[in-house]
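Dear colleague,

Please find below the structure that I am handing over to you. My findings follow directly after it.

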Amino acid sequence: MKLKRDHFCGNLSKKNEGETIILAGWVKKRRDHGGLIFIDLGDKSGVVQVVFNPKVDEESHLQARSLREGWVIAVGGKVRIRPIESVNLELETGEIEVIVENLEILNISESLPFPIQDEIEASEETRLKYRYLDLRRSVMQRNLRLRYEVTKQVRSFLDKKGFMEIETPFLTRSTPEGARDYLVPSRVNPGEFYALPQSPQLFKQLLMVAGFDRYFQIVRCFRDEDLRADRQPEHTQIDIEASFIEENDIYNLVEPMLAHVFKKTLGISLKIPFPRLGYEEAMDRFGIDKPDTRFGLELKNISSLASQSKFHVFHRCLAQGGEVKGLRLPGGSRLSRKELEDLSQRIEPYGAKGLSWILLTPEKIKSPLSKFFPKAILLRIIEHMEGEKGDALFFVADRKEVVAASLAQLRLHLGKRFNLIPKDVYQLVWIVDFPLFEQDKEGRLAACHHPFTSPKEEDLPLLEIDPEKVRARSYDIVLNGEEIGGGSIRIHRRKIQERILEILGIDSLQARERFGFLLEALSFGAPPHGGIALGLDRLVMILARAESIREVIPFPKTQKAVSLMTQAPSPVDD
């Protein structure tokens, strides 16, 4: 390079007027106005307009005629204030331009598969195939800068709180974490495999036994599971563990940490402490354990009133141990029959067999249920639902889990469709008092979170009597309806850990084989400890207001866990 950069494009302003500078970057746009050639030159800091004038340097102007989008160039020239009529207020550097005196073409480019600008029509597949070009777009640059800033602020905060960042192994053994492991064959131990960690769970517990007291790590984790918009086969989490703590210590650490991150990255002040919702209350009011609390449409149970109807669907459901719940949509009485049918179809994938409704039009009550209910009972249902003229009331009758899932999704859909969810609000809530166990598809007991979560001390006797009633010392943190983290106080006594594994169907021989190193460590004075893991990808996605975590990860996979850029996974040579 003959021209050595001494300034960044996006950092120039009127303060630089008259300075002779050197810039380097990519040609974003080229406009040839006959005598003058205008180039939008961009680098990681932004874009600035550079002007080629044959009266200033004829050779540079001649070279500039060949420039095309994507070419890499360096220019030397003088900063000047733009004429008033040429000021571009949409550009941070729009009040100045650089009059080029020297040009060096550093590299040329093939025709780009899509324009390097924020609003593009390229498919996601094309963007992922040419990810290195997609990442040149300013929106992607902002997303990754935000990601970096979040991790920087987390590290700074935890460092001041006395936490030490410690790395844990990637090549380890398989442990039950709720998903399938990615396996790595061992060349030097034929027939044996390492597992890539789904989390550093056991290692961070061992670090507490080792006496490090306060650990954190911004760590990659791997899960071989079906992908969704907010999942990837490899993800990054903010992993935290501490000794001699209880639940409130985690809340009192994470809340100011997130407040610090929001203030430093977005300039937003969060109100702390965050509200806390018990698991049962969250399921009762919202039908889901990660509720979006920015808007209402809460669920209400009308089972006792429904039992007084002649509607056989409700009666059969209640006789089989189900329930009838509903929600109120303000202003929903204007919905057409077609729109009501569409709502019913929307909840079918969640097991609902239908959606009952009552429209409180200004003229009258309209509902297929009217003929099955005495008017007095119908009015009591409307009163219980807090219905007013102009509202629509929706009901689902089924098993509890079907009612919850169906109405939770309906609530979210209606909130988005009718613009009931404020865009510029960040609402955080803790979900606590989870059950320790749940039944899997085969009816066997499984750990709700993981088998190393401590039961509540007062529920320990229930382990022998009714383990499904045991509550966990676990907690999730939810932001705008997205679970961004979860953790628990851990089991630090060997006998309790062995009993939990036994309840889960893992006998003493299996326990020693799979978790012998942990059980042994718990025998050597393990302190009370606990922690939390926050999903970095998901947190940054929300902060960036992105539609998918793929928008905040440099090189993500598709929903089929494929890299369209590198074509991984791929066959390997023997």
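**Findings**

In this chain, residues 24 or more positions apart account for 67% of the contacts with a separation of 6 or more, a contact being heavy atoms within 4.5 Å. The model is predicted, so local features need pLDDT of at least 70 and side-chain atom pairs count only at pLDDT 80 or more, while totals for chains, interfaces and linings use all residues. Residues are numbered from 1 along each chain as its sequence is written, and side-chain values use heavy atoms, with hydrogens and water left out.

**Overall architecture**

The secondary structure comprises 16 helices and 22 strands; helices (H or I, at least four residues) and strands (E, at least two) are DSSP runs numbered from the N terminus. The C-alpha trace spans about 90 × 75 × 50 Å along its principal axes. Of the 574 residues, 47% are buried, where buried means under 20% relative accessible area, exposed over 50% and partly exposed in between (1.4 Å probe, protein chains only).

**Strand pairing**

Two strands are taken to pair if DSSP finds at least two bridges between them. Strand S1 (residues 20-32) runs antiparallel to strand S4 (residues 72-81), and seven bridges join them; alanine 24 has alanine 74 in S4 as its bridge partner. S4 also pairs with strand S5 (residues 96-107), in the antiparallel sense and over ten bridges.

Elsewhere, five strands form an open sheet in the order S12-S13-S16-S14-S15, with antiparallel pairing. S12 and strand S15 (365-366) stand at the edges with a single partner strand each, so one side of each is left without a neighbour in the sheet. The antiparallel pairing of strand S14 (residues 356-360) with S15 rests on two bridges, and leucine 359 stands opposite lysine 366 in S15.

**Helix packing**

The axes of helix H4 (residues 138-160) and helix H6 (residues 247-266) come within 9 Å and cross at roughly 135°. That makes H4 oblique to H6: angles under 35 degrees count as roughly parallel, over 145 as roughly antiparallel, 65 to 115 as roughly perpendicular and the rest as oblique. Axes are lines fitted to C-alpha atoms, for helices over the stretch in contact, and angles run from 0 to 180 degrees between N-to-C directions. The crossing of H4 and H6 is right-handed, meaning that the near helix is turned clockwise from the far one by less than a right angle.

H4 contributes Leu146, Glu149, Val150, Gln153, Val154, Phe157 and Leu158 to the contact, and H6 contributes Leu253, Pro256, Met257, His260, Val261, Lys264 and Thr265. These residues divide into nine nonpolar, three polar and two charged. Ala, Val, Leu, Ile, Met, Phe, Trp, Tyr, Cys and Pro count as nonpolar, Asp, Glu, Lys and Arg as charged, and the others, Gly among them, as polar.

**Backbone details**

The peptide bond from isoleucine 272 to proline 273 is cis, with omega near 5°; proline 273 is placed in the loop between H6 and strand S11 (276-278). A cis peptide bond also joins alanine 568 and proline 569, with omega about 0°, and proline 569 lies in the segment after helix H16 (536-543).

Leucine 297, a residue other than glycine, has a positive phi near 60°. Leucine 297 is in the loop between helix H7 (279-286) and strand S12 (300-301) and is buried, at 9% relative accessible area. Asparagine 419 likewise has a positive phi, near 55°, but counts as exposed at 64% relative accessibility. Asparagine 419 is found in the loop between helix H12 (400-417) and strand S17 (428-432).

With kind regards
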